[in-house]
Amino acid sequence: MPAIVLVGAQWGDEGKGKATDQLGDRLDYVVKFNGGNNAGHTVVVGGETYALHLLPSGILTPGVVPVIGNGVVVDLSVLFEELDGLEARGVDTSALVVSSSAHLIPPYNRVLDRVTERFLGSRKIGTTGRGIGPTYADKMSRVGLRVQDVFDASILRQKVEAALDLKNHVLVKVYNRRAIEVDEVVDELLEHAERLRPMVADTGLLLHEALDEGRTVLLEAGQATMLDVDHGTYPFVTSSSATAGGACTGSGIPPTRVSRVVAVVKAYTTRVGEGPFPTELHGAEGDALREAGAEFGTTTGRPRRCGWYDAPVARYAARVNGVTDFVLTKLDVLGGRERIPVCTGYEVDGRRVDELPATQTDLHHARPVLTELEGWEGDISGAREWSDLPAAAQRYVEALEEMSGARISVVGVGPGREQSVVRHDLLG
């Protein structure tokens with residue numbers, strides 16, 4: 001059975017956890033392939049709300065094997081805190097598998113992340129301060145720590161010593177912070193070794209064998225397309241590959257095994273942190289959309305910036321990822337509006353641009369060209385069939401589909417697993 005990739009089509013928080021959970025027992029493996037505990041999924045199951053940060057959302061579905069792939073960076077303290085929290089609520093987490101090649105977030109990178117962001121001041125990126133960026137930088141600089149290293153105390157110590165040779169100079173001489181002791185880092189990581197050991201495997205091999213056996217594997221992105229380190233609004237991006245291409249490098253599954261790419265897109269647009277956002281709403285209108293959609297970060301609690309649907313962003317995501325299906329979420333939030341603006345292009349320095357600008361400068365200056373679509377009255381959260389939706393809501397979805405470069409296969413009308421209208425089978 002080929003693999004399926006699930007990505008976010010905007011700047012994150014689109015509802016990827018809901019999309020994964022909706023597939024439920026039709027999946028055998030759910031693999032997180034990038035990012036760390038700097039983003040989260042909120043999933044509602046049976047009236048219970050679960051906020052996941054590091055773990056794949058498939059951990060909430062009995063019978064599914066959740067996998068943390070090699071492309072993820074792992075804070076072991078956060079991992080076990082999250083597992084303990086789920087187990088205390090009766091969730092069986094025993095099936096979790098962690099790649100031996102995933103990189104670890106050491107305490108010195110959490111410190112560096114926070115002090116660097118403060119040092120940047122008005123030029124800050126909007127990082128969560130959890131050590132994600134410095135850990136990916138270590139990975140590329142070949143001075144990182146991997147999960148497998150905690151099972152060899154000698155190698156772990158050597159790697160920590162080499163890393164701190166430089167990082168302590170930066171902390172002390174640039175940021176006026178105290179030096180971090182090698183023992184402090186090694187002891188914190190080794191503390192988790194025995195509990196971690198039974199979870200660790202060669203996940204690339206595990207997934208290869210699963211696909212050969214006809215299992216269904218979902219590759220689930222953290223963050224989203226517009227935060228991808230290569231294809232996002234650089235430098236206001238995350239530090240990993242959040243697009244469909246990253247699913248292969250972050251899991252060890254080759255691209256020839258991927259059959260479908262599902263992108264989750266919100267019926268409007270949100271963003272957390274700094275960076276360009278052409279359709280952003282300011283003042284009372286933005287506040288009202290934020291409150292209606294409960295737009296506050298799963299991991300940080302930060303209020304999300306809110307704006308209208310951006311069709312050029314959706315088209316860009318469709319092109320970069322090779323999207324076969326969109327899942328449109330939070331359509332219910334837009335109910336009660338007489339007219340709903342949608343961005344169909346931009347004005348950049350007096351000229352019309354229909355696609356996402358290729359330069360940071362042009363995107364910074366882009367102003368949305370808005371088309372108003374008819375709104376609808378009433379609560380649509382009880383809709384389960386396409387015919388249950390008001391005609392104007394149907395026309396809104398159809399207009400977005402025509403603008404966005406791929407079919408809209410599922411429409412979300414509420415936070416619950418069952419609150420969806422399925423137009424096309426995501427696995428068919």
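Analyst: Domain bounds here come from an automatic or database domain assignment. On that basis the protein has domain 1 (4-98 + 199-262), domain 2 (103-196) and domain 3 (264-422). This is a predicted model, where local features need pLDDT of at least 70, side-chain atom pairs count only at pLDDT 80 or more, and totals for chains, interfaces and linings use all residues. Residues are numbered from 1 along each chain as its sequence is written, and side-chain values use heavy atoms, with hydrogens and water left out.

User: How many residues of domain 1 and domain 2 are in contact?

Analyst: On the domain 1 side 26 residues are in contact with 21 residues of domain 2, contact meaning heavy atoms within 4.5 Å. The domain centres, taken over C-alpha atoms, are separated by 24 Å.

User: And what area is buried between domain 1 and domain 2?

Analyst: About 1,900 Å², with carbon and sulfur atoms giving 62% of it. Buried area is the accessible area (1.4 Å probe) that two parts lose on being put together, summed over both. V73, L76 and F80 supply 30% of the area that domain 1 buries against domain 2, more than any other three residues.

User: How many salt bridges are there between domain 1 and domain 2?

Analyst: The count is two. A salt bridge is a side-chain nitrogen of Lys or Arg within 4 Å of a carboxyl oxygen of Asp or Glu. D75 forms a salt bridge with R110, and their closest N and O atoms are 3.1 Å apart.

User: OK, new topic. Where is P278?

Analyst: P278 sits in the loop between β12 (269-271) and α10 (284-293). Helices (H or I, at least four residues) and strands (E, at least two) are DSSP runs, numbered from the N terminus.

User: Is P278 buried or exposed?

Analyst: P278 counts as buried because its relative accessibility is 11%. Buried means under 20% relative accessible area, exposed over 50%, partly exposed in between (1.4 Å probe, protein chains only).

User: What does P278 touch?

Analyst: Not counting residues up to four places away in sequence, P278 touches W11, D310, Y346, L363, A366 and P368. The C-alpha atoms of P278 and V369 are 9.6 Å apart, although the two residues are 91 residues apart along the chain.

User: Last one: which helix holds S404, and why does S404 count as buried?

Analyst: S404 belongs to helix α13 (residues 391-404). S404 counts as buried because its relative accessibility is 0%. Leaving out residues up to four places away in sequence, S404 touches Y309, A314, R315, A318 and F326.
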